[in-house]
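Reader: Hi! I'm new to this one, could you walk me through it? Please put it up first.

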Amino acid sequence: MPISLELKRKIVRSVDDLPPIPRVVMKMKELMMAPNCSAKHIADLVSQDQALASKVLKLANSPYFGVIRTISSIQQGVAFLGFNTLHNLVLASSLFGMYEKELKGYKMAKGALWEHSIYSAFAAQSLAESVGNKAVRETAFTAGLIHDVGKLVMSLYISEVFQSIMDLVERDGLQFLEAEKKLLGFDHAEIGSEVARKWRFPPALVNAIRYHHAPQLASSDADLVSIVHLSDAACLMMGKGSGVDGGYYPIDGLALQTLKMKEDDLQKLILRLTSSVNPAILEV
Amino acid sequence: MLQIGLGELKTSTDGKGPMEIPNIMSGVAVIMLDKKRGMAGAVHVLLPVCNSMSRADLTKFADTGVKLLLGEMENQGVAKHEITIKVVGGSDLMGATNFSVGHKNVEVVSRVLSQEGLLVAAQEVGGRRKRHVIIHPGTGRVQVKYLLGEPLDI
Ligand SMILES: [Fe+2]
Ligand SMILES: [Fe+2]
């Protein structure tokens, strides 16, 4: 049965129903890109937003970062965390409200998408540190964090055709992504890349989301796309926030070649993740 | 309920009542039961062969994890021949077989158990689904739950 145009329009419209990324988070990124940006500039911006300011202080003083002395000024906090980490943390905690919800269509319990995304973000950052160039290192965390953002939109529509999706996956051997596309006209990677575009994320991030389940199809940003693909796979294998779809995605060995990694490196990544991630620190 | 997380080993003397092992995907839960005394121990390993120098990592690998669990059971006074073993987990993603960490985990668990002269009484392994396990040490009942569909007793 062909998918009705009406359904496809409805799904695309749902992308617009997602709340925007807070302006201050985008503004922070803009400031950071400026060549003469200082901790003072960022601190001034942060101080304008009471909630954000207290968030930054809490994060800077989190035992997770191993601070010994108390950080009491925003400017100290900004300098201590560094621009990139600060931006990652602020973006992550601004997504928390959206991400901790249950996603019924994927049978993901409350908190599962958050856990999956945080683990994927740390995994991507960890891979990027060993294989990525500067641009990749600076975007990997965000890419891991938002790679499944399309699920926020698709979950509702998947619920409506759930049994048919499971039939395609379990009986006909389709990937979950293929079943989404076949029954709804879109998959969560496509829709997620639309969300990223709407949120005005740079093209590399849009690509990383678009191709996170099929890195071989990306025509640019191969490193970042492969990093997100393998990070996602590692988290799925660990059962970190995976839903009923979790086992029905392929893992692409070429992504390792792209990054000049060996098979064993994926196991090493999994081992690192067992001791280096604490999703709770960002729930502020 | 006593929770056993990824890479953790616990025995029922650590707590009372049932034990739960959530979110088992490519990892494998190895469960050892002493039905006579109503006690149990379990480890949730996630990688096949130990290559780590850190003690804290030993319960994360199939080979070292199984041996540590066995040692822990023996420490609690359980004789080898009294142990009933159940194995759950080892799912894999689709695609390249050389990444089948789940399959390898199950293989290593079986190999080490048989080297120790131990038989597996029941197992629910492989496939693509995520599993949750509830262990009832008093009765030796092991319940496997899925995100979808009926739970299974093994
Ligand atoms: Fe995905
Ligand atoms: Fe994912």
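This is a predicted model: local features need pLDDT of at least 70, side-chain atom pairs count only at pLDDT 80 or more; totals for chains, interfaces and linings use all residues.

Reader: What happens at the start of H12(A)?
Author: There, a side-chain oxygen of A:Asp187 reaches to within 2.9 Å of the backbone nitrogen of A:Ala189. Just after H12(A), A:Arg200 takes a positive phi of about 60°.

Reader: Could we pick one residue? Is A:Ser193 buried or exposed?
Author: A:Ser193 is buried, with a relative accessible area of 1%. This residue sits in helix H12 (residues 188-198) of chain A.

Reader: What does the side chain of A:Ser193 reach?
Author: The side chain of A:Ser193 reaches the backbone oxygen of A:Glu190, at 2.7 Å. Leaving aside residues up to four places away in sequence, A:Ser193 touches A:Val206, A:Ile209 and A:Arg210.

Reader: Nice. Now the metals: what coordinates the iron ion (ligand 1)?
Author: The iron ion (ligand 1) is coordinated by A:Asp148 (OD), A:His188 (NE2), A:His212 (NE2) and A:His213 (NE2), at 2.1 to 2.2 Å. One of these, A:His188, is also among the buried residues of H12(A).

Reader: Why is the arrangement around the iron ion (ligand 1) irregular?
Author: It comes down to the angles: the four donor atoms around the iron ion (ligand 1) subtend 84 to 176°, which makes the arrangement irregular. To count as tetrahedral, four donors would need all angles between 85 and 135 degrees.

Reader: How are the donor residues of the iron ion (ligand 1) spaced in sequence?
Author: The spacing is D-x39-H-x23-H-H. A:Asp148 and A:His212 link distant parts of the chain, 64 residues apart. A:Asp148 is in the loop between H8 and H9 of chain A, and A:His212 is in the loop between H13 and H14 of chain A. A:Asp148 and A:His212 are buried.

Reader: Which parts do A:His147 and A:Asp232 tie together?
Author: A:His147 lies in the loop between helix H8 (134-146) and helix H9 (150-160) of chain A, and A:Asp232 lies in helix H14 (residues 222-237) of chain A, so the pair ties together parts that are 85 residues apart in sequence.

Reader: Are A:His147 and A:Asp232 buried or exposed?
Author: A:His147 is buried, with a relative accessible area of 0%. A:Asp232 counts as buried at 3% relative accessibility.

Reader: Changing topic: what volume does the largest pocket have?
Author: The largest pocket has a volume of about 670 Å³. Of the 27 residues lining it, the closest to its centre are A:Met26, A:Lys29, A:Trp199, A:Arg200 and A:Phe201.

Reader: Which helix gives the most to the lining of the largest pocket?
Author: That is H2(A), with eight residues. The elements that give two or more residues to the lining are helix H2 (23-33), helix H6 (83-99), H8 and helix H13 (203-210) of chain A.

Reader: Last one: how many cavities of 30 Å³ or more are there?
Author: A search of the whole structure finds four. The largest cavity has a volume of about 80 Å³. That cavity is lined by 13 residues, of which A:Gly243, A:Val244, B:Arg129, B:Lys130 and B:Leu147 lie nearest its centre.

Technical notes: Residues are numbered from 1 along each chain as its sequence is written. Chains are lettered from A and ligands numbered from 1 in the order in which they are written. Side-chain values use heavy atoms; hydrogens and water are left out. Helices (H or I, at least four residues) and strands (E, at least two) are DSSP runs, numbered from the N terminus. Buried means under 20% relative accessible area, exposed over 50%, partly exposed in between (1.4 Å probe, protein chains only). A polar contact is a pair of N or O atoms within 3.5 Å; within protein, one must be able to donate a hydrogen and the other to accept it, and residues adjacent in sequence count only if both atoms are side-chain atoms. Contact means heavy atoms within 4.5 Å. On a 1 Å grid over the protein atoms alone, a cavity is a set of points where a 1.4 Å probe fits but cannot get out, and a pocket is an open set with protein on both sides within 12 Å along at least five of seven lines; lining residues have an atom within 4 Å of a point. Grid points are joined across faces, edges and corners, and a volume is the space filled by probe spheres set on the points. Donors are N, O and S atoms within 2.8 Å of the metal (3.2 Å for Na, K and Ca); water is not among the atoms, so sites may look incomplete. Four donors count as tetrahedral if all angles lie between 85 and 135 degrees; four count as square planar and six as octahedral if opposite donors are over 155 degrees apart and all others between 65 and 115; anything else is irregular.
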